[in-house]
Amino acid sequence: MNEIQALLLGLVQGLTEYLPVSSSGHLQIGQVLLGIDTEAGGLTFDIVVHIATVLSTLVILWKEISWLLVGLFKKEYNDEKKYILNILISMIPVGVAGLCFKDQIEELFHGTTVVGICLLITAALLALTYYIRPKEREKISPLHAFIIGISQACAVLPGLSRSGSTIATGLLLGNSRKNLAQFSFLMVIPPILGEALLDAKHILAPSAEYLAEHGMTQPVSVSALIVGFIAAFISGCIACKWMISLVKKCKLIYFAIYCAVVGILTLLFL
């Protein structure tokens, strides 16, 4: 992977992480279209650009994050602590999936058939939010946080959009559009940062055993990782603000059409 390819893939990751179209699926499609060997350090690159988009979340939603941190250290059991508890509850399903099915999930990140199928599933979920509009409730309950967490765990599949799945699930459960996008973006921060910390040593200095274990023929160059990181961070900041606005306006049906078209084209031609 050279720097130009890293730049393009970083932009793809940053934009599609927050838009409901699946960043992992688009990264795989992009690697195929650019002729990149997906076994040549692709997993390391994916982790690095995901960290970049998480950092963009911290920047765009810093006001909300600081509100939670301040409330966390207050004595009383307040709204901030309830919100943090919901985030922790939402992490349970993805934690179980990561611990129990990590190897099986990583095997799916080769080829594009799974991507095409999952993009069609994403399209169906987004379309449902256009036709099914239950009465909105103001706050996300612990039960709904867990159900939204299940949708996030399923979205580890390439092509199944994480933001699309979690936001669509929350909308179908009747949660407030105003709070749902924010919750969806905040709940992904702990799992991705946790995974990044576990893999940090291997990313910085990948051993032969690590490369062999993940089917990687060679590590990505440091310069390519840096270019991809910067591109993903900048485009992620832009897409994060845009997506929050789109959810409030309920304009997800256009992304459903897009995912359906890309999914069909992927299955037919890639």
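Of the 270 residues in the protein, 50% are buried (under 20% relative accessible area; exposed is over 50% and partly exposed in between, with a 1.4 Å probe and protein chains only). This is a predicted model, so local features need pLDDT of at least 70 and side-chain atom pairs count only at pLDDT 80 or more, while totals for chains, interfaces and linings use all residues. Residues are numbered from 1 along each chain as its sequence is written, and side-chain values use heavy atoms, with hydrogens and water left out.

**View 1. The whole fold, before zooming in.** The secondary structure comes to 13 helices and 0 strands (DSSP runs, H or I of at least four residues for helices and E of at least two for strands, numbered from the N terminus). Read along the sequence, that gives the pattern α-α-α-α-α-α-α-α-α-α-α-α-α. Take the contacts with a separation of 6 or more: 81% of them join residues 24 or more positions apart, where contact means heavy atoms within 4.5 Å.

**View 2. Helices α8 and α9 packed together.** Helix α8 (residues 162–172) meets helix α9 (residues 177–187) at an angle of about 140 degrees, and their axes are 10 Å apart. Axes here are lines fitted to C-alpha atoms, for helices over the stretch in contact, with angles running from 0 to 180 degrees between N-to-C directions. That angle makes α8 oblique to α9 (under 35 degrees is roughly parallel, over 145 roughly antiparallel, 65 to 115 roughly perpendicular, and the rest oblique). From α8, the contact uses R162, S163, T166, I167, G170 and L171; from α9 it uses R177, L180, A181, S184, F185 and M187. Sorted by type, the contact residues come out as 6 nonpolar, 4 polar and 2 charged (Ala, Val, Leu, Ile, Met, Phe, Trp, Tyr, Cys and Pro count as nonpolar, Asp, Glu, Lys and Arg as charged, and the others, Gly among them, as polar).

View 3. L119 sits in helix α6 (residues 113–131) and is buried, with a relative accessible area of 0%. Setting aside neighbours within four places in sequence, L119 touches V21, S22, H26, I29, G159, C259, V262, G263 and T266. L157 is 38 residues away from L119 in sequence, and their C-alpha atoms are 10.0 Å apart.

**View 4. S22 in the α1–α2 loop.** S22 is in the loop between α1 (3–18) and α2 (23–33). Its phi is near 75 degrees, a positive value in a residue other than glycine. At 2% relative accessibility, S22 counts as buried.

View 5. The loop between α2 and α3 (42–60) holds L34, which is partly exposed at 32% relative accessibility. Beyond its neighbours within four places in sequence, L34 is in contact with Q5, L8 and L9. L34 and L8 are 26 residues apart in sequence, with 9.3 Å between their C-alpha atoms.

View 6. Helix α7 (residues 142–154) has 13 residues and reaches 19 Å from first C-alpha to last, close to the 18 Å expected at 1.5 Å a residue (that is, 1.5 Å times one less than the number of residues). Its buried residues are H144, A145, I148, G149, S151, Q152 and A153. Buried in α13 are I253, F255, A256, C259, V262, G263 and T266, and the buried residues of α13 pack against α2, α6 and α12 (222–249).
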